[in-house]
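Hello,

Here is the structure I promised to pass on to you. Have a look at it first, and then read my notes below.

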Amino acid sequence: MELLIRRLPEKLQTVLNWLREPSHKWVRIPAGVLFMLGGVLSILPVLGLWMLPIGVMLLSQDIALFRRLQGRVLRWIERSHPDWLGLQADKA
């Protein structure tokens, strides 16, 4: 997760790191739900599917179901697209 966050613009990194702090649970949960709702309403101009993964990642801090989903997705990214994380691909 840290590798993905480091690849974002600095301002967004600051906001996400602030939201991920344990004491900001009451901001993180509504923000995650709103992001997921925005992803579902992706037919509207500003909203889009890009909001779904952000909502899942925010909610994964507090909800076990989303934590398991996040783990599976991050393992898949690490295996299939290591360049997304800034890692070297295996030459095997």
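The chain has five helices and zero strands, with helices being DSSP runs of H or I of at least four residues and strands runs of E of at least two, numbered from the N terminus. Please keep in mind that this is a predicted model, where local features need pLDDT of at least 70, side-chain atom pairs count only at pLDDT 80 or more, and totals for chains, interfaces and linings use all residues. Residues are numbered from 1 along each chain as its sequence is written, and side-chain values use heavy atoms, leaving out hydrogens and water.

On overall dimensions, the C-alpha atoms fill a box of roughly 45 × 35 × 30 Å along the principal axes. Of the 92 residues, 26% are buried (under 20% relative accessible area, with a 1.4 Å probe and protein chains only).

Now for the inside. The largest nonpolar core has five residues: Ile5, Leu16, Leu19, Ala31 and Leu58. Such a core is a set of buried Ala, Val, Leu, Ile, Met, Phe, Trp, Tyr and Cys residues joined through side-chain atoms within 4.5 Å. Leaving aside residues up to four places away in sequence, Leu58 touches Leu16, Leu19, Arg28, Ala31, Gly32 and Phe35 (a contact means heavy atoms within 4.5 Å).

In the model, residues 33-59 are 63% helix and 0% strand, and their end C-alpha atoms are 8 Å apart.

Enjoy exploring!

Technical notes:
Buried < 20%, exposed > 50% of the residue type's maximum accessible area, 1.4 Å probe, protein only.
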